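This report goes through selected local features of one protein model. The sequence and coordinates come first.

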Amino acid sequence: MLSSQGQVRSLCGNELASFWEIQIRRYGKGVTIDRVILDRFEGELAVLELEAGLTIELPHAWLPRDAKEGDVLQVKTRRSSQVGAVSVRFSLDLEATAKRHEEALRLREAIMKGPKGDLDL
């Protein structure tokens with residue numbers, strides 16, 4: 001089941017439970033999947049960046065409709081009382097996204113100014 005509420009997408013069902021459990025096992029117990037960055041779209045897939053540069057791919061339709069490349073998404077998972085059932089909720093984190101964009105602009109400006117003085121190569 002897929003439900004949409006503007007900037008939030010919630011998913012549940014066996015297919016999702018299987019997918020999400022595989023991702024968690026794949027990256028180990030030390031990696032939390034509570035916040036991801038939408039890196040890019042590849043056709044119908046969205047590539048999400050996790051901690052330490054790890055990436056996962058999932059259908060673009062699973063994300064909020066207005067999600068775009070570079071956005072930070074909060075991920076909330078919840079197990080239901082049904083065996084193997086899990087629900088995953090993606091929502092835009094507008095504050096974290098704004099901070100990422102500000103930091104990128106700051107770094108870009110620093111690069112454009114370049115170092116002062118002579119460079120030894």
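## Basis

The structure is a predicted model.

## The β3–β4 hairpin

Strands β3 and β4 run antiparallel and are joined by five bridges. Across this pairing, Phe41 stands opposite Ala46 in β4. Two residues lie between the strands of the hairpin, and Gly43 takes a positive phi near 65 degrees there.

## Nonpolar core

The largest nonpolar core holds 16 residues. Val36, Leu38, Leu48, Leu58, Leu63, Leu73 and Phe90 are those with the most contacts inside it. At least two residues of this core come from each of β3 (35–42), β4 (45–49), β5 (55–59), β6 and β7 (86–92). Strand β7 gives the largest share, three residues.

Beyond its neighbours within four places in sequence, Leu73 is in contact with Val36, Leu38, Leu48 and Leu63, among others. Its contacts also include Asp34, Arg35, Pro64, Ala67, Ser91, Leu92 and Asp93.

## Gln74 in β6

Gln74 is located in strand β6, which covers residues 72–79. Is Gln74 buried, partly exposed or exposed? Its relative accessibility is 24%, so Gln74 counts as partly exposed; the buried class requires a value under 20%.

When neighbours within four places in sequence are set aside, Gln74 is in contact with Asp34, Arg35, Arg89, Phe90, Ser91 and Asp93. With Asp93, the side chain of Gln74 forms a polar contact of 3.2 Å.

Asp71 is found in the loop between β5 and β6. Its relative accessible area is 3%, so Asp71 is buried.

Which backbone atom lies 2.8 Å from a polar atom of the Asp71 side chain? It is the backbone nitrogen of Lys68. Not counting residues up to four places away in sequence, Asp71 touches Val36, Ile37, Leu38, Asp66, Leu92 and Thr97.

## Helix α2

Helix α2 takes in residues 94–113, 20 residues in total. At 1.5 Å a residue the helix should span 28 Å, and its end C-alpha atoms are 29 Å apart, so the two values agree. Gly114 follows α2 and has a positive phi, near 70 degrees.

Note on methods. Residues are numbered from 1 along each chain as its sequence is written. This is a predicted model: local features need pLDDT of at least 70, side-chain atom pairs count only at pLDDT 80 or more; totals for chains, interfaces and linings use all residues. Side-chain values use heavy atoms; hydrogens and water are left out. Helices (H or I, at least four residues) and strands (E, at least two) are DSSP runs, numbered from the N terminus. Buried means under 20% relative accessible area, exposed over 50%, partly exposed in between (1.4 Å probe, protein chains only). Contact means heavy atoms within 4.5 Å. A polar contact is a pair of N or O atoms within 3.5 Å; within protein, one must be able to donate a hydrogen and the other to accept it, and residues adjacent in sequence count only if both atoms are side-chain atoms. A nonpolar core is a set of buried Ala, Val, Leu, Ile, Met, Phe, Trp, Tyr and Cys residues joined through side-chain atoms within 4.5 Å. The expected span of a helix is 1.5 Å times one less than its number of residues. Two strands pair if DSSP finds at least two bridges between them.
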